[in-house]
Amino acid sequence: MKIGIVVEGSYPYVSGGVASWVHMIANRMPQFEFQIIAITPAQLTEKDYRYELPSNITGVTNLPLNMKQPNSKRKIQLTPSEEEAITDWMMFRKVTPEALHVFTTKLGGTNSFFSSKLFWNMVQESYQKESQTGSFIDYFWMWRGMYTPILELLQFKFPEVDLIHSASTGYAGLISAAIKQQQNIPFLLTEHGIYSREREEEILQASWIPDYYKKRWISFFHHLSKQAYEEADDVITLFDKNSDLQNELGAAQDKRSVIPNGIHYDRLSGVTKLEGDNKLLRIGAIVRVVPIKDIKTMIHAAKLLQETGTPFELTIMGPLDEEEDYAAECQQLIDQHELNQSVFLVGKVNIIDYLPNFDLCLLTSISEGQPLAVLEGMAAGIPWIVTDVGSCSELIYGRENDPYGPAGFVVPPVNPKKIAEYCTWFYHHPIEAEKFGRNGQRRAKTFYQVNQFIDQYVDLYERRGAEYGRNRI
């Protein structure tokens, strides 16, 4: 069976998170062939890969959001029902398979469509409906900017596969819905974080989007999610809280399920803690150095530890070249706080070499799905301080009827004071800290092993493939 995996801003061009999940799936399923369809902001090449691809990944199709399909001079001729379908879709009234069919097969080039009377009428109606008072020309170009990537992507000739699996909604989910329709194949959707909610948070904080356009952009990404939920055969996420959010956003109850992440428990549980100086608190962070991980809060907490006299060493492990300006800002903050002797940005490393050194680990993200880093640390018997985002609280405290105790502490995002307080608590309570570590290790062993989540996806691939008659091996 040939599986298409659609990702956005991820594998194989970004390491960690969703990319690690995709890489693990391909590596652990040699019986399947995989095609990666990667949506990126701009064109990328093999030189930009962050992974050595396994042999069963037989192709990578890069779709940049700024791509341009060859111009078609074919005149647009749509039936009244087709015009109604795409008008309803672009006005966010409803999602329909017919609208996707028109976008992928009937419109021709984007320039000809944007010059059509149909598009002009839609923009006018939307401008009046939203009671816009700004420049109509600016509003018109905002519409073009919103829909250009959609039309260009949907008119691409996608590789033939037997099942399509998207790692998010958004552009990836929309493309997957179109591929399902074109090729009559199953469509699985796995959301790690809730994509539309994450875009909503970004839009509300974005200074480059005028306030009077933000509502439309937020509605746009929720609309894309609805299309993905509507077309997907299975709507999967990693933890219960996210499944409830999917339900609120329109995913049908009978499609939803939870498949947690998994880690190589045996390899990580064999880590033997090194006995260090018990007068020094050794803290680790397994994290990409990017803004959403909020490394600066971690550094501010370190400064508070320094000021209160708690002896510590903080090692931040993760790539420094994904957002180099942010990594430089973090190093500058370390320098400003005179933390050079206690806080270290060591870049991408083999975490197995570092985990034996740590008394606890930190995660200070402002948004997460189900972080593999926390599971890896838990499997190694290390307690955690995490922010209350994504499934972090569920990992630390357990799901309903979980028999194990806490594996650390959960704090609000952007709260260096609370992080520093709990770090100090760990310093003064080493016996309790070891107990927390054992609790987390038992939880990881019982619920979060890689073979468990791989087996569930293999079963889904085979069952859905058989239902559609696409289960060739």
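Which residue stands opposite Thr387 in strand 13? The residue is Val411. Strands, like helices, are DSSP runs numbered from the N terminus (strands E, at least two residues; helices H or I, at least four). The model is predicted, so local features need pLDDT of at least 70 and side-chain atom pairs count only at pLDDT 80 or more, while totals for chains, interfaces and linings use all residues. Residues are numbered from 1 along each chain as its sequence is written, and side-chain values use heavy atoms, without hydrogens and water.

Strand 12 (residues 384–387) runs parallel to strand 13, and four bridges join them. Two strands pair if DSSP finds at least two bridges between them. An open sheet holds six strands in the order 10-9-8-11-12-13, with parallel pairing. Strand 10 (343–347) and strand 13 (408–411) form the edges, each pairing on one side only. From one strand to the next, the twist averages 20 degrees.

Helix 12 (residues 295–308) lies across strand 8 (281–286), strand 9 (312–317), strand 10 and strand 11 (360–363). This helix runs at about 170 degrees to strand 9. Axes are lines fitted to C-alpha atoms, for helices over the stretch in contact (heavy atoms within 4.5 Å). Angles run from 0 to 180 degrees between N-to-C directions.

The largest nonpolar core has 66 residues. Such a core is a set of buried Ala, Val, Leu, Ile, Met, Phe, Trp, Tyr and Cys residues joined through side-chain atoms within 4.5 Å. Buried means under 20% relative accessible area (1.4 Å probe, protein chains only). Helix 6 (residues 136–154) gives the largest share, 10 residues. A second, separate core of 33 residues includes Val289 and Cys423.

Definitions and conventions. Buried < 20%, exposed > 50% of the residue type's maximum accessible area, 1.4 Å probe, protein only.
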